Amino acid sequence: MYRILVVDDERIERNGIKMLLKRFFSKEMQMEIFEAANGKAALEFLEKQPIDILITDVKMPFMDGIELIQTVAPKRREMKIAIFSGYSEFEYAKIAMQYGVKNYILKPVDPKEFQNTILSMTEELEKEKEDQLQKDKQNNFMKEYVLYSLINGISPEKIEQKTGKLLERTVLEPYQKMFLIEFDQEFFGKTEEDFNRCFRKLLDETVFYLNLNPQQGIILRKEGKQTDQEIAEMLLNFFQNRYGKDPYIAVSKKLNGIEELSVCLDNLEALLERRFYRPDIHIYLSEQESVETGRTHSVQVPDDDILTKQIHQDLKMKDLDSLKEHLACLEKKYYMAQGFSQVYVKFIFSNILKDFYEELPNKSEKDLTKDIEQLYRATTLNDIMDVVNRNVTALEAVFGQSRTLLHKEIESIKQYIYDHYGEELSVEMLAEKVYMAPSYLSHIFKKETGLNLSRFIKNYRMEMAKKKLETTHEKIVTISYSVGYQNVSYFCQKFREYFGVTPQKFRG
């Protein structure tokens, strides 16, 4: 598309030039034609809009063509200019040529000469455009190379030694912010989009895009009218609307020099680690980092070692409620603190999974390997908890079957106590009868009955002693022995603690 301005104080002349342009070039090239009645009007137009080709008469009121050229030519060196005038005005043409004007069209205008003149100017414009494109490509290639080197920690001095020339720091220094764009999967290798051009147009700012790898790209931005948050939201909306993709975007603090690029990228990558815990957040600003960090220090939760030991104990005790509680506590700790590396969190939960599998008889080592591989491929804490909770569901099924058996065991222990309350009873002796560890029996007995085992035995003995005092005339010492207390004084003390009165006063 060529933008052409025709300047002549004669409407007939302007219409004639416009007619020739449309006759010769409308099919060959796209063009937009504007017109002005004098140099002053043309100057006002040129101050507001860019033009590729200026065609102007010499003699005009208010401002002639030479004055117009003298004013605009130094400012618009890329613009091509042609003047047209009669033979008697050739001296004016000489003056115009001093300002770089190469094209002179005699009046009356010869159509063929006019066509050749316009073609010559458009060919020159195309060549300059191609030359500039190649120059831009070379400059961008060199800029990319320099930026890659700086980001990888190579000093400016070493880059200068390697390239054999000084770095154009004036080109790089104005960039004051870095935006890191990262996808969970390969993206940048699958599109041929010219993101440098695309982002400049989208953001309406001078930015420079650099692709780091198939999942990452950075944008360097100068100071602009829009805030970092606004720019990040525009980028996020662009990828969502154009590609249906949701990238994560981290924005740096203000850069103080090109030497900071490498550290800046490291900081942004660390900032994006937070998406592991908060996958619902897609924009992370470095300015908010200190606020977030301050918040996380106030979180008070048990040590990882304590929590994992409690989870291990829950599994041994088959205490599913306590297991879920401790898992939730561990998840909340990582979610709130967000200062743990992904690898560390995955390591903790992979060890928990191994403990799970010891209680899952229907699961094989192959199943465990598959679950752990899925866990280590997880990109968010939620993904990890999905793997863990799936196995908790499997534990529920196993523990549910065990709970029925445990209920029967507890009932048999209670019945034994009812039948042998007058004999010596201990947790160890009762545990042997149901082939359980004493601590495990105590745990499940309390969970089933609401009382620990020793209190249950004591309570039953006291109730039986009360019954004997009410229904028999046996001596207190005899009752003491019959309910399992060989020391009468101790029996009386426990009876008073339980009922609030001594056995003698109770009997009345």
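How exposed is F340, in terms of relative accessible area? F340 is partly exposed, at 25%, where buried means under 20% relative accessible area, exposed over 50% and partly exposed in between (1.4 Å probe, protein chains only). Some notes on the rest follow.

1. Ground rules. This is a predicted model, where local features need pLDDT of at least 70 and side-chain atom pairs count only at pLDDT 80 or more, while totals for chains, interfaces and linings use all residues. Numbering starts from 1 along each chain as its sequence is written, and side-chain values use heavy atoms, leaving out hydrogens and water.

2. Aromatics. The whole structure has 35 aromatic pairs; rings of Phe, Tyr and Trp (its six-membered ring) pair if their centres lie within 6.5 Å, and planes under 30 degrees apart count as stacked, over 60 as edge-to-face and the rest as tilted. F340 and Y344 make a stacked pair, 5.7 Å centre to centre with 15° between the planes. Y344 is partly exposed too, at 31%. Elsewhere, F183, F187, F188, F195, F199, Y209, F238, F239 and Y243 form one aromatic cluster.

3. The sheet. Five strands make an open sheet in the order β7-β8-β6-β9-β10, with mixed pairing. Strands here are DSSP runs of E, at least two residues, and helices are runs of H or I, at least four, numbered from the N terminus; two strands pair if DSSP finds at least two bridges between them. β7 (207-213) and β10 (283-285) are the edge strands, each with a single partner, so one side of each has no neighbour in the sheet.

4. Strand β6. All of β6 (residues 177-182) is covered, with 6 of its 6 residues buried: K177, F179 and I181 on one side, M178, L180 and E182 on the other. Its antiparallel pairing with β8 (residues 216-221) runs over 6 bridges, with M178 partnering L220 and I181 partnering G217. With β9 (residues 248-251) there are 4 bridges, also antiparallel, and F179 stands opposite V251.

5. A helix pair. α19 (residues 453-471) and α21 (residues 488-499) pack at about 95°, axes 11 Å apart. Axes are lines fitted to C-alpha atoms, for helices over the stretch in contact, and angles run from 0 to 180 degrees between N-to-C directions. The two helices are therefore roughly perpendicular, a label for 65 to 115 degrees. Residues in contact (heavy atoms within 4.5 Å) include M462 and L469 in α19 and F491 and F495 in α21.

Note on methods. Angles under 35 degrees count as roughly parallel, over 145 as roughly antiparallel, 65 to 115 as roughly perpendicular and the rest as oblique.
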